[in-house]
Amino acid sequence: MPNIFSGVPFLSRGTWQDTRRVTEILRKETVGGVLLLIGAVIALIWANTGWSDSYDALRETRIGPASWHLDLTLGTWAADGLLAVFFFVVGVELKREFVEGSLRDLRRAAMPVTAALGGMIVPAVIFAVINLRGGADALNGWAVPTATDIAFAVAILAVIGSHLPSALRTFLLTLAVVDDLLAVTVIAVFYTDEVNLLYLGGALIPLALFGIALRRGFGSWWLLVPLAAVTWWLVHESGVHATIAGVLLGFAVPVARQVGDRTIPVAEHVEHRIRPLSAGIAVPVFAFFAAGVTVGGFTGLANALTDPISAGVIAGLVVGKVVGIFGVSYLVARFTRAHLDDELSWVDVLGVSLLGGIGFTVSLLIGDLAYGAGTVAADHVKVAVLCGSLLSAALASTVLVARNRAYRRITAAEQVDEDGDGIPDVYQR
């Protein structure tokens with residue numbers, strides 16, 4: 001470990017190229033996060049009015065060909081189908097981060113990666129400790145509080161008007177990217193009961209053709225969409241959660257391809273086209289169908305929050321994420337030669353760690369996988385995820401707003417371009 005972290009400035013400013021890429025991603029996620037919140041609020045209001053039966057009827061409406069085992073409810077289509085689009089973007093983003101982003105340099109990636117691991121392990125342990133007496137059924141939801149929703153988090157930043165410096169934005173995005181990778185692994189490994197290897201192996205054929213087509217420059221939708229759909233269906237039939245198909249397809253996208261003397265950024269182009277669909281439609285629609293839980297007034301809310309499963313989720317998100325991310329970061333800096341950037345303080349790390357406690361999209365998905373959609377436990381998970389995320393958001397806002405003056409000063413310095421070459425001076429020193 002000392003060799004990896006030796007002399008690494010923790011939360012230091014990256015390159016201008018990295019900063020521009022992160023800023024663009026977070027800008028799009030902000031819009032998606034606002035739409036996500038709107039979808040969730042509409043669902044919550046609808047599910048807790050006299051018209052809640054119509055909401056349930058809409059969510060349970062079945063469409064699709066039964067002969068292909070695709071006569072799914074709209075709620076299931078949102079979780080298995082639309083979230084596959086979200087996870088496709090996750091896969092593309094992960095590959096870009098490892099090849100040309102913040103994860104390509106082991107020394108720079110080591111700190112956020114270890115922090116993300118801490119942010120997964122500690123919430124899981126807290127959940128397990130609280131639910132030890134509940135037996136294996138209760139413990140099945142250990143992964144619910146381990147996920148961070150980057151769209152929700154940046155939407156909160158937009159609402160409070162925080163001017164996060166580039167180093168903190170990059171740290172937050174890297175945390176979320178690693179968190180997504182861990183979430184994908186957890187879903188594939190721990191929430192798959194039976195696997196049909198014939199279907200799973202068959203999915204490799206259209207998956208490979210999808211990647212080859214992009215590498216050869218065949219980017220027409222009439223070719224790529226059918227290949228992606230067949231891959232998704234085969235993974236769905238294999239018993240592995242269908243969203244994993246999205247990740248695999250994302251990994252299959254080449255970062256770039258060479259055409260003569262030109263380098264075409266394939267992954268960037270694909271992400272630019274699909275991210276608006278993911279952030280603007282797929283995730284908000286999933287939020288609409290996933291967040292609509294009938295609370296049942298104050299009595300129902302009290303019953304939900306006193307459930308050990310709910311207590312474990314809330315404690316995992318609010319306490320576990322902070323202890324995991326902030327604690328691991330501090331210990332690594334304390335016992336290695338890594339050091340915090342001079343312009344920032346540990347209060348900033350605390351604020352970002354609190355943002356890490358905002359779990360929504362993946363947390364709700366894991367809750368349904370762990371306890372079964374529509375069950376009492378799954379509904380309690382939804383209430384707990386919402387309460388834990390809102391509490392984390394409130395605490396993060398308090399910390400970050402207090403630092404806004406310092407952030408404005410740093411952000412202003414990052415925009416000075418005295419030589420007029422289009423690249424701020426701080427990135428050329």
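What share of the contacts in the protein chain with a separation of 6 or more comes from residues 24 or more positions apart? In this predicted model, such residues account for 80% of those contacts, and 53% of the 429 residues in the chain are buried.

The overall dimensions can be set beside this picture. Along its principal axes the C-alpha trace spans about 65 × 55 × 40 Å, and the radius of gyration of the chain is 22 Å, which agrees with the value near 22 Å that a compact globule of 429 residues would have. The secondary structure of the protein chain consists of 18 helices and six strands.

Helix α4, residues 74–99, packs with helix α12, residues 266–290, at an angle of about 150 degrees, with the two axes 8 Å apart. Because angles over 145 degrees count as roughly antiparallel, α4 is roughly antiparallel to α12. By class, this contact has 19 nonpolar, two polar and five charged residues, and the crossing of the two helices is left-handed.

Helix α3, residues 52–59, also packs with α12, their axes coming within 10 Å and crossing at roughly 125 degrees, which makes α3 oblique to α12. Here Tyr55, Leu58 and Arg59 in α3 meet Phe288, Phe289 and Ala290 in α12, and by class the contact has five nonpolar residues, no polar residues and one charged residue.

How values were computed. Residues are numbered from 1 along each chain as its sequence is written. This is a predicted model: local features need pLDDT of at least 70, side-chain atom pairs count only at pLDDT 80 or more; totals for chains, interfaces and linings use all residues. Side-chain values use heavy atoms; hydrogens and water are left out. Axes are lines fitted to C-alpha atoms, for helices over the stretch in contact, and angles run from 0 to 180 degrees between N-to-C directions. Helices (H or I, at least four residues) and strands (E, at least two) are DSSP runs, numbered from the N terminus. Angles under 35 degrees count as roughly parallel, over 145 as roughly antiparallel, 65 to 115 as roughly perpendicular and the rest as oblique. A crossing is left-handed if the near helix is turned anticlockwise from the far one by less than a right angle, and right-handed if clockwise. Ala, Val, Leu, Ile, Met, Phe, Trp, Tyr, Cys and Pro count as nonpolar, Asp, Glu, Lys and Arg as charged, and the others, Gly among them, as polar. The radius of gyration is taken over C-alpha atoms; the globule rule is 2.2 Å times the number of residues to the power 0.38. Buried means under 20% relative accessible area, exposed over 50%, partly exposed in between (1.4 Å probe, protein chains only). Contact means heavy atoms within 4.5 Å.
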